[in-house]
Amino acid sequence: MNRIQIAIQKSGRLADKSLNLLERSGLHFARSKDKLFWYGRNLPVDLLLVRDDDIPRLLVEGVCQLGIVGENVAEEKLLEARQGRPEVRLDSLGKLDFGHCQLKLAVPEASNAKSIADLAGKRLATSYPQLTRRFLDENGVDADIVMLNGAVEIAPSLGTADAIVDLVSTGTTLRANHLKAIEPVMASQAALYRCPQRLDAEGEQLLDKLLTRIQGVQQAAETKYVMLHAPRSRLAEITAILPGAESPTILPLEGQDDKVAVHAVCTEQVFWEHLEELKDAGASAVLVLPVEKMLA
Ligand SMILES: Nc1ncnc2c1ncn2[C@@H]1O[C@H](COP(=O)(O)OP(=O)(O)OP(=O)(O)O)[C@@H](O)[C@H]1O
Ligand SMILES: O=P(O)(O)OC[C@H]1O[C@H](OP(=O)(O)OP(=O)(O)O)[C@H](O)[C@@H]1O
Ligand SMILES: [Mg+2]
């Protein structure tokens, strides 16, 4: 059968987490430091390490069958490709819960602008001209877009733009450049995409298998195995506190009639607040363990 190629970012914000996710999904690659192609050792699945901007096109053209890229880049490149070919598609297989950021409209701290409407006729610097144009159009505002590939945040102080549309996470970059965000344009995180072309039956089966594994790893990341001792009389109260736990296992404790052991798979995040509530409800010996893999 043909091998499946997965495209991920070679280096940058998404690189390590993308590779880590695939490795935790049981894919092993013959790593090579300089090469852009890592051969899959245990499954017919290889890795292509590229600039993130190239990933959407590799998928659209079917050069790669799977890819991990920020929704911001996928959407920007899709809008760009659709200008010449309106039929172009890219199928998202789900968000991956890393690489969280927001594309935001920001202006100099001293500016009076409060919204995009206040920037009519002005210049907006961005690396995302398509998303910025769509945002302008949606708001019925006309403004000039100054395309910059990097260092967008210095455009206002250089006098080449009046505002920027750029990625923000902690806000440190904006603050360091005396800018303030005034409107969100798009929320983004890393997502898994597939090529729009259908593969042969074997290829589709392998894609399904990979997707199930990746979802299993993601679900396991949120899931915790909780073990505790509970007074029999407060069992209902205690199990109700366990977040996302369906039918916990109740086990007897040797020599103790009034206490039982409770084991539960919590599919939602377990916070310190939950543990404090459990303790207040009479639970003791509470253990929270990570879950490595899950298969429903
Ligand atoms: N500050 C941030 N916090 C979290 N995620 C971010 C942040 N900045 C960017 N991202 C996400 O990570 C993606 C990659 O960001 P990065 O800065 O590594 O891109 P790049 O410089 O374009 O890399 P490349 O060299 O691959 O083109 C972005 O497109 C976005 O989805
Ligand atoms: O709100 P913050 O937490 O400061 O994050 C935002 C910054 O992060 C990204 O750049 P990155 O640091 O990845 O470097 P780059 O500009 O070289 O891509 C983005 O382009 C912003 O500049
Ligand atoms: Mg890039």
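## Reading a predicted model: ligands, sheet and hairpins

Visitor: Which residues are around ligand 2?

Guide: They are R13, G150, E153, D166, L167, V168, S169, T170, G171, T172 and T173. Keep in mind that this is a predicted model.

Visitor: Which strand gives the most to that shell around ligand 2?

Guide: Look for the elements behind the residues. Strand 10 gives the most, with three residues. Strand 10 covers 163-168, and helix 6 covers 172-176. Each of these two supplies at least two residues of the shell around ligand 2.

Visitor: How many residues of that shell are nonpolar, polar and charged?

Guide: Sort the shell by residue type. Around ligand 2, two residues are nonpolar, six are polar and three are charged.

Visitor: Now ligand 1. How many residues surround it, and which are the closest?

Guide: Its shell holds 16 residues. The closest are G12, R13, D52, G70 and S169. By type, the shell around ligand 1 has four nonpolar, eight polar and four charged residues.

Visitor: Why does ligand 1 lie between domain 1 and domain 2?

Guide: Check which domains give residues to the shell. Domain 1 (4-98 + 190-220) and domain 2 (101-188) both do, so ligand 1 lies between them.

Visitor: On to the sheet. What is the order of its strands?

Guide: The order is 2-3-4-1-5-12-6. This is an open sheet of seven strands, with mixed pairing. Strand 2 and strand 6 (91-95) stand at the edges. Each has a single partner strand, so one side of each is left without a neighbour in the sheet.

Visitor: How many bridges link strand 5 and strand 12?

Guide: Five, and the pairing is antiparallel. Strand 5 is residues 66-70, and strand 12 is residues 190-194. Find G67: it stands opposite Y193 in strand 12.

Visitor: Which helices pack on the sheet?

Guide: Helix 3 (residues 71-84) is one of them, touching strand 5 and strand 12. Its direction makes about 105° with that of strand 5. Helix 7 (residues 201-222) also packs on the sheet. It touches strand 1 (4-9), strand 4, strand 5, strand 6 and strand 12. The direction of helix 7 makes about 40° with that of strand 1.

Visitor: Where do I find hairpins?

Guide: Follow the chain from a strand to its partner. Strand 2 and strand 3 form a hairpin with six residues between them. They pair in the antiparallel sense over two bridges. In this pair, F29 has G40 of strand 3 as its bridge partner. Another hairpin joins strand 3 to strand 4 through four residues. Strand 3 and strand 4 (residues 45-50) are also antiparallel, over two bridges. Here F37 has L48 of strand 4 as its bridge partner.

How values were computed: Residues are numbered from 1 along each chain as its sequence is written. Chains are lettered from A and ligands numbered from 1 in the order in which they are written. This is a predicted model: local features need pLDDT of at least 70, side-chain atom pairs count only at pLDDT 80 or more; totals for chains, interfaces and linings use all residues. Two strands pair if DSSP finds at least two bridges between them. A residue is near a molecule or strand if its C-beta atom, placed from the backbone, lies within 6 Å of it. Ala, Val, Leu, Ile, Met, Phe, Trp, Tyr, Cys and Pro count as nonpolar, Asp, Glu, Lys and Arg as charged, and the others, Gly among them, as polar. Domain bounds come from an automatic or database domain assignment. Two residues are in contact if their C-beta atoms, placed from the backbone, lie within 7 Å. Axes are lines fitted to C-alpha atoms, for helices over the stretch in contact, and angles run from 0 to 180 degrees between N-to-C directions.
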